Amino acid sequence: MSSPSSSGGSGNRSFPPPILLKIFNIIFTLVLTLLGLTAVTFIIGRVMPVDPVVAIVGDRASKEVYDAMFLELGLDKSILEQYFIFLKKTLHGDFGKSIGTARPVLDDLLHFFPATLELATIATFLGILFGVPMGVIAAVKQGKWIDHVVRVIGLFGYSVPIFWLALVGLLVFYARLEWLPGPGRIEVYYDGIVDPITGVILIDSAWQGEWEVFENAFSHLILPSLMLATFALAYIARMTRSFMLDQLSQEYVLTARVKGLSELSVIWRHAFRNVLVQLITIIGLTYASLLEGSVLTETVFSWPGIGQYITSSLFNADMNAVIGGTVVVGICFVGINMISDFLYKMVDPRTR
Amino acid sequence: MAEQYSTSENPIHRINAWLRSDAPDSIFQARCQRFYFNWLEFKSNPIALLGFLIILVLVLISIFAPWITGGDGLKQDLSQRLLPPSSKYWFGTDGFGRDIFDRIIWGSRITLFIVGLVGIIVVPIGMLIGTIAGYLGGWVDNVLMRFTDIFLAFPRLILALAFVSALGPGLGNAVLAIALTTWSPFARIARAETLTIRNAEHIMAAQVQGASTGRILLYHITPLCLSSMIVRLTLDMAGIILTAAGLGFLGLGAQPPLPEWGAMISAGRQFLVDQWWVATIPGIAILTVSMGFNLLGDGLRDVLDPRSGE
Amino acid sequence: MEKKTLLTVKNLHVSYDTPKGVVEAVRGVSFELGQERLGIVGESGSGKSQTGRAILRLTASRSRVRAECVEFDGIDLLHASESTMRGIRGNRISMIMQDPQYSLNPVMTVGEQIAEAYRIHSSAGRKKARQHTIEMLNTVRIREPEKVYHLYPHEVSGGMGQRIMIAMMLIPEPDLIIADEPTSALDVTVQLQVLALLDDMVRERGMGLIFISHDLQLVASFCDRVLVMYGGRVMEVLEAKNLENAQHAYTRGLLNCLPKLDGSHEILPVLKRDSSWLE
C-alpha cells in the first residue's frame with residue numbers, strides 16, 4: 001500500500017519555498033516594468049517639440065537666464081545621465097512645476113487623482129455587480145434567449161465608443177429628460193463646503209455629515225460612472241460567460257451532480273468558485289483600464305480628474321504635467337495588474 | 001430554365017467536386033479545399049457572417065466613395081449649415097454646411113487606412129520578435145519577452161496620448177502611437193505558437209536538410225502562426241478603431257477638415273443639444289464598424305482557432 | 001443466486017441532437033440488477049458510459065433519454081421529480097468516474113469535498129462531517145488522513161485521488177455504485193490496489209455494483225455477470241465464470257484479440273465487426 005508521503009504530493013516542499021520565488025519574480029518584473037515605463041516617458045519628454053527651458057523661463061528671457069536654466073535642468077549631460085536624474089526625481093515624486101497651474105505637478109496629481117479614482121472604482125464595482133451574474137446566467141442558459149441578450153449587451157459594450165455614449169447620455173438624460181445633472185463633479189453652489197480630506201467627495205461629505213452635498217455629488221456621479229461601467233460590464237460579463245462555460249463542461253461538475261447537489265450549489269459552490277479565481281485577473285485588468293480609459297469620459301463630463309488634467313496639459317504644452325500624469329497613471333496601471341496577478345496566484349491552490 | 005446540363009459538364013459542379021475531392025492533386029487544390037471548408041463552416045455562423053458583411057460594405061463604400069457621394073465631403077456651404085436629416089441630406093449637415101453622409105462615406109477610407117496600417121506594422125513586428133524568441137529560446141527568449149512584457153503592462157491609451165503629443169497631432173502619428181502600444185500581444189501569440197511547433201517533425205526535417213534559421217522562421221514557422229495572428233488582429237481591430245476615434249475626438253488624431261469619425265463627434269459636441277445628428281451619426285458609424293470587426297473576429301476564431309472556440 | 005431486484009432497465013435509448021443529425025448512443029439496452037456485481041464491457045463509443053449516466057439522469061442537456069422502464073427499488077427514475085433524483089444521487093446511487101485529476105474540484109480541499117457529499121444527505125454538523133470524513137479516509141487506507149484532508153486534488157497522486165473519489169462516493173452509504181472505468185487512468189501497479197479496495201468495500205457493505213470497463217478480462221475476474229455492449233446494444237449477457245463459453249461472435253472476437261501467456265505467438269487476429277449485429 002502506498003502512503004501519502006510516497007505516492008502523494010507533487011514534490012512542492014522544496015527550498016526556497018516557491019512562494020518566495022514567486023514574490024521575488026513579481027517584484028523583479030514590477031521594477032523592470034517601471035524602469036521601462038519611466039524610460040519610455042522620459043524619451044517622450046525628450047522628443048517633445050517643446051523646449052523645456054523656454055517652457056520654464058519664457059521665450060523673452062535673456063541668453064544668460066536661458067543658459068543658467070539649461071544647466072540647471074542638466075541638459076548638457078548625456079542622455080543616460082539625464083535619465084537617471086529623471087528617475088531619481090520621479091522616485092522622490094518630483095515632476096517639476098506645471099505651467100498651467102503654477103503648482104508642483106505632484107500636488108496637482110494628488111488633487112485630481114481622487115476624482116478619477118472615485119469614478120473608476122464605482123464603474124468597476126457596477127461592472128462586477130451586474131457583469132458577473134449576467135455572465136453566469138448566460139452560461140447556464142447557453143443558447144436560450146437570455147444568453148443572446150447578454151451577448152448582445154456585451155457586444156455593444158465593447159464595441160461602443162464610450163465618449164460618444166457619454167455624449168448621447170448627456171443629450172438624453174440631462175438635456176432632454178432633465179433627470180440627471182450635467183457635466184462637472186458637483187454644483188458650483190456646493191463647491192468648497194466640505195474639506196477635501198480624502199479628496200473623494202462622497203466620503204468627505206458623508207464623513208462631515210453634509211448630506212446635501214453628498215446627494216448632489218452622488219447625482220453627478222450616476223451618469224459618468226454608468227457610462228464608464230458599460231465597458232466594465234461588457235468585458236466582465238463576456239469573460240465570466242466564457243470561463244463559466246468552460247468550467248461547466250468539466251468533469252468535477254458531473255461529480256458534484258452525482259453527489260446529489262442542487263443545481264444552484266453545483267453552479268455557485270463548485271463551478272463559480274473556479275471562475276472566481278480566474279476573474280480576479282480580469283477585474284484587475286478592468287479596473288486598471290478604466291483608470292486610464294476615464295481620460296475620454298472625463299473630457300466629456302468636464303470631470304476634474306487626472307485624465308482631464310493630462311489632456312488639458314497636452315494642449316498647453318505643459319510637459320511636466322503630461323509626463324508626471326503619464327508616470328502616475330502608468331504606475332497605478334502596472335501596480336493594479338501586479339496585485340491582481342499576485343492575488344490570483346495566492347487564491348488558486350494550483351499556483352500557490 | 002431551358003438550359004440543359006449534366007453534372008459532369010456544369011463547371012460549377014466540376015469545381016465543387018474538385019473542392020470536395022478526398023485526394024487533392026496539388027498544394028493549390030489542398031489550399032483551396034481548406035479555404036472552402038473553412039468558408040462553409042464560417043457561412044453557417046450567421047453572426048460571423050453579419051460581421052463579414054459589415055466589413056465588406058465598409059470596404060466597398062470606401063472603394064466606391066467618389067461614385068456614392070456627390071462631393072469630396074470637404075466642400076463647405078455656409079448657407080446650408082446644420083440642416084436636419086432630409087431627403088437631400090440623409091444625415092443632415094454639419095456646422096460648415098457639409099453633407100454628413102458624404103463625410104461618413106469618405107471617413108470610411110480613414111478608418112480602413114488606420115486599421116490597415118496598424119495591422120501592417122504590428123503583425124510583422126510581433127511575428128519577428130515572437131518567432132525569434134520562441135524558436136531560439138534561452139536568453140534571447142528571456143530578453144525579448146521581458147521587453148514585450150514591459151510594453152504589455154503599459155496603459156495603452158495614456159501612452160498613445162503621450163506619444164502623439166510628443167510626435168505632434170496628426171493621422172500618421174496617431175497610427176504610429178497606436179501601433180507602438182498594440183504590437184506586444186502579437187509577439188506573445190507568435191511565441192506561444194512557435195513553442196508548440198518548434199519541435200514538430202517537419203521543422204526537424206528542415207533543420208536536417210541544413211535550412212538556415214532565417215529560412216525556417218520565414219517559410220516554416222511564420223505561415224503556421226498566421227491564422228492565430230489574423231484572428232487576434234481582427235479582434236483587436238475594434239479596439240484600434242476606438243482608440244483612433246478617441247484620439248480624433250481629443251483633437252490628436254486626424255486633423256480638420258479630414259472627415260475622421262471621432263473628430264466629427266468632437267466637432268458636433270457644441271451642437272449636441274439642438275442639432276443632435278451632427279455628433280450622433282458618426283458615433284453610430286464607429287459603433288457599427290467596431291461591432292462588425294468584433295463579430296467577424298469571434299467567427300474567425302471559431303473557424304481558424306478551434307482550441308479557443310466554445 | 002437469489003436476490004431481490006435493485007435496478008431494472010428496459011429498452012433504454014439515449015440519443016443526441018448534433019448539427020449533423022441525431023446520434024444514437026444507446027439503442028435498447030435492458031438488464032436487471034440485484035445485490036450483485038455487474039460488469040458492462042465495450043469499446044469506446046459503445047454506449048456503456050451513457051448507460052451509466054442515463055440511470056442517474058445525468059446525460060448532457062442536449063441528449064434525449066427514452067426507455068420502457070428504469071426502476072430503482074420501486075422508484076421510477078424516468079419520471080421522478082428533479083428533487084427526488086437529487087435525493088437518490090449520491091445517497092442511494094453513486095458513481096465513480098475515470099480520472100480523479102478531472103473529477104475532483106481543483107479549488108476545494110479533498111476533505112471539504114468528501115464532507116460535502118456526507119452533509120448533503122444528512123443533518124450532521126460541520127464537526128461530525130469532518131470526523132466522519134477522516135474515518136472514511138482511514139477506511140480507504142489513506143495514511144495521515146488529517147493531513148490529506150487539507151490537500152488539494154493536484155497535490156495527491158492518481159491512486160490516492162481515486163481512493164478519495166471512492167471515499168466520497170461511499171460516505172453516504174449508497175445501495176448501488178456505478179464505477180465508470182475507475183482504474184483506466186491509473187498506473188497498472190496502482191490499478192489492482194484500487195480495485196481490491198473497491199471490491200472489499202462493496203462486499204462489506206453489500207452494495208450493488210455496475211462496473212463499466214473496456215477490459216473484458218478485468219471485468220470477468222471482478223464481477224458476477226458480464227454484459228457485452230457494442231454500438232449501443234447489448235450483444236450478450238454472461239456469467240463471468242462462463243466467459244470462455246461466450247456464444248456471440250463479438251465477444252469471441254474480443255477474447256481472441258487478447259494475447260495468451262500459454263498460447264503460441266501467432267499474429268493476433270484483428271477484431272472483425274459485423275453490421276448485422278446492429279440489425
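This is a predicted model: local features need pLDDT of at least 70, side-chain atom pairs count only at pLDDT 80 or more; totals for chains, interfaces and linings use all residues.

Tutor: Start with a cut-off. A residue is buried under 20% relative accessible area, exposed over 50%, and partly exposed in between. N11(C) has a relative accessible area of 29%, so N11(C) is partly exposed. This residue sits in strand β1 of chain C, which covers residues 7-18. Its backbone deserves a look. The phi of N11(C) is positive, about 55°, although the residue is not a glycine.

E144(C) also has a positive phi, here about 50°, and E144(C) is not a glycine either. Its setting is a loop of chain C, between α5 (126-139) and α6 (145-149). E144(C) has a relative accessible area of 41%, which means that it counts as partly exposed.

Chain C has an average pLDDT of 85, and 94% of its residues score at least 70. For the model, ipTM is 0.87 and pTM is 0.85.

Now the neighbours. Chain C touches chain A: 42 residues of chain C meet 29 residues of chain A. Chain B is another matter. Chains B and C make no contact, and their closest C-alpha atoms are 11 Å apart.

Take the A–C interface first. About 3,100 Å² is buried between chain A and chain C, and carbon and sulfur atoms account for 58% of it. Three salt bridges cross this interface. One of them pairs the side chains of R273(A) and E112(C), N to O at 3.0 Å. On the chain A side, the elements giving two or more residues are α1 (4-7), α11 (251-258) and α12 (263-301). The largest share is from α11(A), with six residues. By class, this side of chain A holds eight nonpolar, twelve polar and nine charged residues.

Next, the A–B interface, as context. Two pairs of chains are in contact, and chains A and B share the most contacts. Here 39 residues of chain B meet 46 residues of chain A. The buried area is about 3,900 Å², with 76% of it on carbon and sulfur atoms. The rule finds one salt bridge between chain B and chain A. D298(B) and R238(A) form a salt bridge, with their closest N and O atoms 2.7 Å apart. On the chain B side, α6, α7 (156-167), α11 (213-249) and α13 (276-304) each give two or more residues. The most come from α13(B), which gives 13. By class, this side of chain B has 27 nonpolar, six polar and six charged residues.

Finally, some local points in chain B. G138(B) belongs to helix α6, residues 138-152. Its relative accessible area is 55%, so G138(B) is exposed. From G138(B) to I241(B) is 103 residues in sequence and 37 Å in space, C-alpha to C-alpha. The peptide bond from P256(B) to P257(B) is cis, with omega near 10°. P257(B) lies in the loop between α11 and α12 (261-268) of chain B.

Back to your chain. Chain C meets chain A, and no contact joins chain C to chain B.

Note on methods:
Residues are numbered from 1 along each chain as its sequence is written. Chains are lettered from A and ligands numbered from 1 in the order in which they are written. Side-chain values use heavy atoms; hydrogens and water are left out. pLDDT is the predictor's confidence in each residue, from 0 to 100. Contact means heavy atoms within 4.5 Å. Buried area is the accessible area (1.4 Å probe) that two parts lose on being put together, summed over both. A salt bridge is a side-chain nitrogen of Lys or Arg within 4 Å of a carboxyl oxygen of Asp or Glu. Helices (H or I, at least four residues) and strands (E, at least two) are DSSP runs, numbered from the N terminus. Ala, Val, Leu, Ile, Met, Phe, Trp, Tyr, Cys and Pro count as nonpolar, Asp, Glu, Lys and Arg as charged, and the others, Gly among them, as polar. Buried means under 20% relative accessible area, exposed over 50%, partly exposed in between (1.4 Å probe, protein chains only).
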